[in-house]
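These notes are meant to be read beside the model.

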Amino acid sequence: AARPGVELRALGPITELPSLTDLKQRDHRKLVVADGQVALLGGRNLSHEYYTAYDEVQLTPGSLWRQVPWLDAGARVEGPAVAALEASFLETWIEAGGGDFPIVPSPPAGTSAARVVVHRGLRDARTLETYLELIDTARSHIHVVNGFPLVLELQHALLRALGRGVRVRALLGCPTPLHDGEPFAGPWAATRTVATELVHSRMDPIIAAGGEGHLFARRDEPGWAPELGVVHPHVHAKAMSADGLRCAVGSANMDITASYWESELLLVVEDAALARGFEAKIDALMAGSTLVSREDPAWQQLAARRAWMRHWPGVLSV
């Protein structure tokens, strides 16, 4: 802030012991707009695990979990949608005490139809409603990329989709990354392992109903110790695609915190070619991952052990 030309505003700074509201009612959006012409949005925060590639790290069984890169996703946007994204920033900027500035709409930059969905904390539930609409109108298949405990509204919507014959495929990860079934060590590893079980417990009913769960996996990366075996990293991406026609990506997790408490951004694109390409990338990730089958005795044992977690109060989910 001391540098010329830089202006900062803090949103909801925590200056004392935080309440539940302080912790959960946050601005969770990740957005960059340059010159009113190009915007970047998605799930990435500003630390190394979001930007480091898997072949850029040296991993051994003794590595800490924070050294394992995360899977994330985002979008680069040009055209009229940039003005809508910049307007979402401006509204919050003014609320935080910043000054007004003009927004100049950009001309069309392509043929894809895009919609910017802005969720403003406890004032609405627009990103949750968008995900529900994508699921409830799907006729063929749904791709879900999610690393957080599914809010029950979305879990039930996916179960309804399975009931009407829609193929449901989900890519999920491990908040505490695993190597050959063993968790990487590090601060809060035990707590994050409990979070992993909670995330997976919200998928168990979907798998039991015939949905596909794919546990994101990497193996044999350059510089990784051979004894690591299969590594299951954390999935931080938030994405959904329906019927090869529409896809969505942004900051909105599919848990209760993002659905109701936080402010979020989601970009929805209606373009069959783009959506099919997006799904092809997800399919490739799933092809290299570990399929969770309801016929697998190991999964059945895990699902039975964590069944009580399905009743965990959603308000305490993180």
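The numbered points below concern a predicted model.

1. Eight strands would be one way to describe it; in detail, 8 strands form an open sheet of mixed pairing, in the order β4-β13-β12-β11-β5-β6-β9-β14. The edges are taken by β4 (113-120) and β14 (290-292). Each of these has a single partner strand, so one side of each lacks a neighbour in the sheet. From one strand to the next the twist averages 15°.

2. β4 is antiparallel to strand β13 (residues 263-270), and the two pair over 8 bridges. Within this pairing, Ala114 lies opposite Val269 of β13.

3. β11 is joined to β12 by 4 bridges, and the two strands run antiparallel. They form a hairpin with 3 residues between them, and Asp243 in the turn has a positive phi of about 60°. β11 also pairs with β5 in the antiparallel sense, again over 4 bridges. Met240 of β11 takes part on both sides: Met240 is the bridge partner of Val144, and Met240 stands opposite Ala248 in β12.

4. Side chains of β11. In a regular strand, side chains alternate between the two faces of the sheet. In β11, Ala239 and Ser241 point one way, while Met240 and Ala242 point the other way. All of these residues are buried.

5. The helix across the sheet. Helix α8 (residues 272-287) lies across β5 (141-145), β6 (167-172), β9 (212-215), β11 (239-242), β12 and β13. Relative to β5, helix α8 runs at about 60°.

6. The β2 and β3 pair. These strands run antiparallel and are joined by 5 bridges. Leu41 has Ala75 in β3 as its bridge partner. Ala75 belongs to the covered face of β3, together with Val77. The uncovered face carries Gly74, Arg76 and Glu78.

7. How many salt bridges does a search of the whole structure find? The search finds 18. In one of them Glu49 pairs with Arg66, with the closest N and O atoms 3.0 Å apart. Both residues sit in the loop between β2 (38-42) and β3 (74-78), 17 residues apart. Is Glu49 buried or exposed? With a relative accessible area of 4%, Glu49 is buried, because buried means under 20%. Arg66, at 36%, is partly exposed.

8. A bridge from helix to strand. Glu133 and Arg246 form a salt bridge at 3.1 Å, N to O. The pair links distant parts of the chain, since Glu133 is in helix α3 (residues 126-136) and Arg246 in strand β12 (residues 246-250), 113 residues apart. Arg246 is buried, at 17%.

9. The side chains of Arg218 and Glu221 meet in a salt bridge, with 2.6 Å from N to O. Arg218 counts as partly exposed at 25% relative accessibility, and Glu221 counts as buried at 12%.

Technical notes
Residues are numbered from 1 along each chain as its sequence is written. This is a predicted model: local features need pLDDT of at least 70, side-chain atom pairs count only at pLDDT 80 or more; totals for chains, interfaces and linings use all residues. Side-chain values use heavy atoms; hydrogens and water are left out. A salt bridge is a side-chain nitrogen of Lys or Arg within 4 Å of a carboxyl oxygen of Asp or Glu. Buried means under 20% relative accessible area, exposed over 50%, partly exposed in between (1.4 Å probe, protein chains only). Two strands pair if DSSP finds at least two bridges between them. Axes are lines fitted to C-alpha atoms, for helices over the stretch in contact, and angles run from 0 to 180 degrees between N-to-C directions. Contact means heavy atoms within 4.5 Å.
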